[in-house]
Each structure stands twice: as C-alpha cells, then as structure tokens.
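Biologist: I am new to this structure and would like to learn how its features are read. Could we take them one at a time?

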Amino acid sequence: MPEARCDIVILGGGVCGLWTLHTLLHAGYDAWLLERSALGDGQTIASQGILHAGAKYRLPGNAVDASRTVAQSQSIWNQALSGGGQAVPDLSDVRIIDRRTLLWTTPSIGSRIAARGAAGILRSGVRKLDPGEQPAVFRDAPPGVEVYATDEYVLDPPSLLEQLAANADGRVRLLPDPTDLHIAAQSADAVEIQTGSITIKPAAVVLAAGEGNESLIALLGGQPGLMQRRPLHQTVAIGAPFDLNGHCLKLSLDKPALTVTTGNLNGERTWYLGGGPAEDGADRTPEAQIESAQAVLRRCLPWLDLSGLRFKTFTIDRAEGANNGKRPNDAVARWAAPGVLALWPTKLVLAPRAADMALEALRDRGITPTGKQGNEPIEALPSPGVAERLW
Ligand SMILES: Cc1cc2nc3c(=O)[nH]c(=O)nc-3n(C[C@H](O)[C@H](O)[C@H](O)COP(=O)(O)OP(=O)(O)OC[C@H]3O[C@@H](n4cnc5c(N)ncnc54)[C@H](O)[C@@H]3O)c2cc1C
C-alpha cells in the first residue's frame with residue numbers, strides 16, 4: 001500500500017480549510033488539503049458572501065465581542081482583496097458583487113424610532129445616505145425609510161473558492177474514496193489516515209469539513225458534542241427588479257428582518273434571501289416559506305411591485321463549534337482527539353481567525369514544520385473543482 005508522510009492533512013476544502021492551508025504553508029508546514037467532493041460543497045457555496053465588519057452585530061441585542069472580532073478579521077480580508085502579502089492570500093481576482101452593504105428601515109418603524117435604533121449602529125463605518133445617494137431600489141421609497149451604507153463587501157463565493165485554491169501551490173486534492181476513509185489518532189503527533197489504496201501518516205490532522213466534522217470526529221472515536229447545527233431555510237427570488245445587497249432592519253430584535261444579496265440565475269437577476277426568515281423558517285414547508293418571504297418583502301420594500309417574482313427554497317445547516325445553540329462570538333478550534341484539531345469559522349469573515357487558531361494550537365502542542373517528506377501518493381491524486389450552487 002503506497003504510504004505518504006507529511007506534517008498536516010486538512011480535511012475539507014471550504015473557505016476555512018483553504019485559508020488554513022494557506023496559513024500553514026506560509027508557516028513552513030508540509031501541509032495538504034483533501035476534499036470529499038467539491039470545494040465549498042456545504043456552507044461556503046451557499047453563503048450570501050457578506051464580509052461582516054460588525055455593523056450587523058451592533059444591532060440591539062448582539063454581542064459586542066462579535067463586533068470586535070469580525071472587525072479585526074475584516075482588515076485581513078481587505079489586505080487579501082487588495083493583493084495579499086506575507087501570510088495573507090492574494091484574493092485580488094475574487095469577484096466583488098458589492099463594495100458596500102446597506103441597512104434600511106421600514107416605513108412602519110418611523111423616522112424617530114429608526115434614528116434611535118440607527119444610533120446604536122452608527123459607531124463607525126456606517127453612513128446615512130441622502131435620498132440622492134440612495135440606489136435605484138429606494139427611488140420610490142416613502143418618507144420614514146432611512147438607508148445607511150456600511151463598508152462590508154459582498155463576495156461571489158465560487159470565485160472566492162477558486163482563487164483560494166489557485167493560491168494553494170497545488171496542495172488541494174480529492175480523497176480517492178470518501179466512503180472508504182479511516183483515521184486512527186494514535187498519539188499527540190502520530191495520526192494515520194487510510195483512504196482508497198493509500199496510507200498517509202501526518203503529524204496532525206485538521207478537520208475543516210463544516211458539518212462533516214461531526215461524522216469525522218465520530219469516525220475516529222473523538223470527543224462528542226463539539227459541534228452544533230443551526231438550521232436555515234434560504235429563499236431565492238428570481239426576476240428581481242433592482243440590485244440590492246443589505247439588511248432590512250427590525251429594530252426590536254437581534255437579527256435583521258431580512259438579508260438580501262443579488263445574483264444571477266440563467267441571465268435573470270435573483271435576490272438571495274436570508275436573515276430572519278431563513279432562521280425562523282427551518283421547519284416550514286417550501287410553500288409556507290415562500291409565503292413568509294413574500295410577506296417579509298412586502299414589509300421591507302412595500303413600494304415595489306414584486307408580483308412577478310418566482311421563488312425557490314432550500315434548507316441547510318450552519319455548522320459551528322458548540323455554544324449552547326447560540327452563534328459563537330468567534331471562530332472555534334478544539335482538539336477532538338490527540339493530533340486531531342477541529343475547526344469551525346462561524347462566519348466567512350472569521351476564516352483567517354480560524355486559520356490563526358489552528359497555527360497557534362499546533363505550535364502549542366509542539367507540532368512544528370519538518371520539511372517536505374514523501375508526498376508522492378498524495379501528489380498523484382486529482383484536484384477537486386468548485387462546488388455547484390445549491391439553487
Ligand atoms: C445559507 C448560509 C449563508 C451564509 N451567509 C454568510 C455570509 O453572508 N457571511 C458570512 O460571513 N458567513 C455566512 N455564512 C456562514 C459561512 O458560510 C460559514 O461559516 C463558512 O462558509 C463555513 O466554512 P467551512 O469551510 O467551515 O465549511 P463548508 O463551506 O461547509 O466546507 C466544508 C468542506 O468540507 C468538505 N467535506 C465534508 N465532509 C468531508 C470529509 N469527510 N472529508 C473531506 N472533506 C469533507 C465539504 O465538501 C466542503 O467542501 C452562511 C452560511 C450559510 C449556511
């Protein structure tokens with residue numbers, strides 16, 4: 001049986017695994033990433049692509065910590081999107097859908113209450129737009145609708161995955177047979193992976209498989225209960241009349257009434273709808289979820305005729321480090337077994353944090369770069385493509 005040796009194997013090629021690979025390669029590790037199916041085939045391809053800088057987390061009821069942590073990570077993203085450097089990947093070719101995310105109030109809230117709520121979000125990087133500066137979608141909005149712009153970018157997830165992989169020195173490969181995967185964590189620095197006809201002996205394994213981390217931890221007999229799922233029921237509205245990327249504010253709650261990003265399906269403009277309706281609608285049938293999305297659109301954009309929209313929905317879980325069912329304030333890194341570290345970034349924007357946590361955890365355990373080893377059996381594996389969108 002062909003045998004490979006290396007410092008680190010990362011399992012899972014979403015934003016977290018790919019960013020972690022870049023960080024570990026830059027730190028000198030002989031690291032490889034093995035993907036089950038296609039890059040980002042889970043949450044990253046389904047994400048709305050918003051690089052939260054913290055504005056959303058300053059809505060009433062949200063943790064201040066989350067705001068600080070994401071704001072720090074966002075400066076790393078800005079560096080990456082401007083060409084990278086040092087330990088930061090070059091993401092300058094990633095397609096940016098929008099360079100700002102809007103926050104807008106509904107007319108029913110009224111300008112006084114809206115302004116009071118806005119004071120909570122107006123700490124930095126959030127600017128109120130005069131009517132003349134507002135995008136076309138707000139042209140016919142009634143008085144009382146206030147629009148703010150944040151400097152949060154919206155990225156195209158497939159192009160993000162593509163460019164992260166292109167930066168990986170050819171170290172991203174497909175598992176020969178994901179159903180035939182065995183991991184034995186023997187000691188702190190000796191893990192054995194058997195997959196298809198090859199055996200890999202890395203010093204450590206990093207699990208970055210999103211919700212797949214749960215079954216991988218079970219497979220190797222690791223610590224249970226490290227992961228939580230939070231379900232979402234996403235809706236896609238096809239035939240949208242304007243570009244719109246932002247959050248409709250519902251000031252009394254800790255999440256937006258609606259989060260919208262704009263895309264394209266077979267040449268038609270789409271609105272991808274997340275936020276409150278996606279979080280609250282996990283148990284709804286697709287029909288009920290579409291009715292609910294229509295009602296939220298009527299509340300958030302009542303001046304638009306949206307009767308021509310067509311809808312699709314799908315459900316997907318967010319996979320996160322366990323935090324009593326609440327969104328963690330940061331990325332999460334936990335040792336699941338000796339030599340096996342599990343990572344969950346919590347948000348796209350926190351992928352660099354997850355990567356730094358992995359580096360620190362490996363160094364803390366004395367797992368250091370040893371130089372290139374016998375990689376040939378891994379080098380012979382094919383490279384994965386980017387996942388197809390779920391809609
Ligand atoms: C609907 C939705 C919208 C979101 N919108 C945003 C947003 O706008 N902004 C934001 O910051 N965050 C957003 N998030 C959160 C963000 O997308 C996730 O935190 C992030 O993408 C998780 O990345 P990941 O690499 O950990 O996991 P994933 O993207 O799920 O990647 C896991 C990878 O591991 C692979 N894999 C699975 N099992 C195995 C195995 N056994 N062996 C090898 N590989 C395996 C999968 O094929 C996949 O490629 C959203 C999440 C969802 C679900």
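**Strand pairing and helix packing**

Modeller: Strand 17 (residues 332-337) and strand 18 run antiparallel to each other and pair over five bridges, where pairing requires that DSSP finds at least two bridges between two strands, and strands are DSSP runs (E, at least two residues) numbered from the N terminus, as are helices (H or I, at least four). This is a predicted model, in which local features need pLDDT of at least 70 and side-chain atom pairs pLDDT 80 or more, while totals for chains, interfaces and linings use all residues. Residues are numbered from 1 along each chain as its sequence is written, and side-chain values use heavy atoms, without hydrogens and water.

Biologist: Which residue is the bridge partner of alanine 337 in strand 18?

Modeller: Valine 340 is that partner, and in the hairpin, with two residues between the strands, glycine 339 takes a positive phi near 75°.

Biologist: How are two packed helices described?

Modeller: They are described by the angle between their axes and the distance between the axes. Here the axes of helix 1 (residues 15-26) and helix 5 (residues 157-166) come within 9 Å and cross at roughly 25°, the axes being lines fitted to C-alpha atoms over the stretch in contact, with angles from 0 to 180 degrees between N-to-C directions. Helix 1 is therefore roughly parallel to helix 5, a term for angles under 35 degrees.

Biologist: Which residues make the contact?

Modeller: Val15, Leu18 and Trp19 of helix 1 meet Leu160, Leu161, Leu164 and Ala165 of helix 5, contact meaning heavy atoms within 4.5 Å.

Key: Angles under 35 degrees count as roughly parallel, over 145 as roughly antiparallel, 65 to 115 as roughly perpendicular and the rest as oblique.
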